[in-house]
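Keep the sequence and the 3D view open side by side. The paragraphs below walk through them.

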Amino acid sequence: MSDLDDLYQEVILDHNKSPRNFRLMADANRKAEGYNPLCGDHVTVFLHLKDGIIQDISFQGSGCAISKASASMMTGELKGKTEAAAYAMFDNVHKMLTGEANGDDVSRRMGKLAILSGVCKFPARVKCASLAWHTVHAALKGETRPTTTE
Amino acid sequence: MKAAPHLAELRPPARRFDVARIRDDFPILKQKVHGKPLVYFDNGATSQKPQSVIDALNHYYNAENSNIHRGVHYLSERATAAYEEARSKIRGFINAGSNQEVIFVRGTTEAINLVAQSYGRSFLKAGDEIIISAMEHHSNIVPWQMLCEQVGAKLRVSPINHDGEIVMDEYRRLLSEKTKFVSVTHVSNALGTILPAKEIVALAHERGIPVLLDGAQAVPHFRVDVQDLGCDFYAFSGHKMFGPTGVGVLYGRGELLEKMPPYQGGGDMISLVTFEKTHYNVLPYKFEAGTPHISGGIGLGAAIDYLQALDWQGLAAHEHALLSHATESLLSIHGLKIIGTAKEKAGVLSFVFDHVHAHDIGTILDQDGVAVRSGHHCAMPVMQRFGVPATTRASFAFYNTTEEIDVLVKAIHRALKVFD
């Protein structure tokens, strides 16, 4: 498989075409905006947190296939998780995208998200994939200033 | 394309424009990227350098390196002479009235900041207005916003139509007794539009308003004559016109530069320093504090030598053919929309698809060796105006070929297949 096929796998293209949990959340009690100032991508992540658990999560925004697919998969992964588990996942995703994690680690810990590991071969695109994660991190922390990938 | 005749008349080209020969002058163009021949279409971001510019930089560090305007020794005199000779070349290139009106800066951005801070802070006050256009690069927006915050002036934005052309009636309406400065681009970096700069300047001058033109995207494509344009300031970068990065030029009319205070303080910009008072140096040195980018200035001089020897009529015809071929070829691609369809355009093509983001296009084109820019091109308000988050931009230089445009078109088709 070429690097390019690795990047644009079927699953990613599918999430890009039909993103999951792509909606406004009226009763969100946490919300954060993220921008990638280099390319103009922006995303808003909505959370409904109760008793330390992510009861519901959704997102809106515009961006490339990688950022949209990453956000879509993130919502699937984090729904029902505890805050602590979400923070841990953030760290793992970060390591995977920057190529710090080794292959075995990625497939063991990342589950479905491992499909995004091809991004690390495209350094210019790492920020696309990490934007939604930085944004959910900010939402969990209750930050009100827009997050950027810089 | 517009050509000021003065320089072409002065120096007849040695030979007819021949793109194959031209390409031989640019060593970087021979390389392969991901196993494919490099197709470099990111000239709006920075241009490639001919061997003669690279050699000039090498020669400076090999044989002339020394600080300028200081030493009495041999090397310092040689370096000073080379640097000042580059200033003369620039003066000739843009037809400035004198060398004193040619100020070396780091680039277009610094040139605009210099004018905003030195002229703006001295002569603008609360309630005054500054006019820019709706297609400015951030470097011709933010320095004015900073000035507005400092002095209480107001930024007014002259609108553009759906083709990306400035609406002259609206511009005329914006000019008033409150207007104290106009700063617009000569060629839009995101859309390629060539603005009617001479008319913009003339209308402002009817009211005695000074005008700065951002020429970063103009000087690589056609002849610029600052006296013919009549502008008060003209800013451009070396690296977009086949010279080194880190060096650029602010042209200013001497009369205005004389009235302006220094932008930065330090060495070289003084004539006498005591702890009680400092006397500033004469033009242009008043605005050149500290050791400058000496090799860069000399390299820029070499780039101008290179450009001066080209057949500019042939070059303009070649660039025009490139743009026509590219426009026609891209429009044949289903779903592709060109952003920026002005009648007068330089070699810039920005385009979008409804269902494929510019970044994904950029990554896939790169795999085919094609270098384009994807994003907002440091012109976020332009993107907002056209309701797109980002575009893919192919920007041409005279060393590009129609065959390379065919490679681009093929690569776009490949990208679209991924998202079918």
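This is a predicted model: local features need pLDDT of at least 70, side-chain atom pairs count only at pLDDT 80 or more; totals for chains, interfaces and linings use all residues.

Residues are numbered from 1 along each chain as its sequence is written, while chains are lettered from A and ligands numbered from 1 in the order in which they are written.

Start with chain B. Its secondary structure comes to 15 helices and 17 strands. Helices (H or I, at least four residues) and strands (E, at least two) are DSSP runs, numbered from the N terminus. Along the principal axes, the C-alpha atoms of chain B fill a box of roughly 75 × 55 × 40 Å. The radius of gyration of chain B is 22 Å, which agrees with the value near 22 Å for a compact globule of 420 residues. That radius is taken over C-alpha atoms, and the globule rule is 2.2 Å times the number of residues to the power 0.38.

Of the 420 residues in chain B, 49% are buried. Buried means 20 or more other C-beta atoms within 10 Å of the residue's own, exposed means 12 or fewer, and partly exposed lies in between, with C-beta atoms placed from the backbone. Ala309(B) sits in the loop between α11 (294–308) and α12 (312–331) of chain B. Ala309(B) counts as exposed because it has 12 C-beta neighbours inside 10 Å.

Now look at helix packing. In chain A, the axes of α3 (residues 65–78) and α6 (residues 126–141) come within 7 Å and cross at roughly 40°. Axes are lines fitted to C-alpha atoms, for helices over the stretch in contact, and angles run from 0 to 180 degrees between N-to-C directions. The contact (C-beta atoms, placed from the backbone, within 7 Å) includes Met74(A) of α3(A) and Trp133(A) of α6(A). By class, this contact has 10 nonpolar, two polar and no charged residues. Nonpolar covers Ala, Val, Leu, Ile, Met, Phe, Trp, Tyr, Cys and Pro; charged covers Asp, Glu, Lys and Arg; the others, Gly among them, are polar.

The axes of α13 (residues 358–367) and α15 (residues 402–418) of chain B come within 9 Å and cross at roughly 120°. Asp360(B) of α13(B) and Arg414(B) of α15(B) are among the contact residues. The contact divides into seven nonpolar, no polar and two charged residues.

Finally, the chains meet. Here 14 residues of chain A are in contact with 15 residues of chain B. The chain A side has nine nonpolar, three polar and two charged residues.

Conventions
Two residues are in contact if their C-beta atoms, placed from the backbone, lie within 7 Å.
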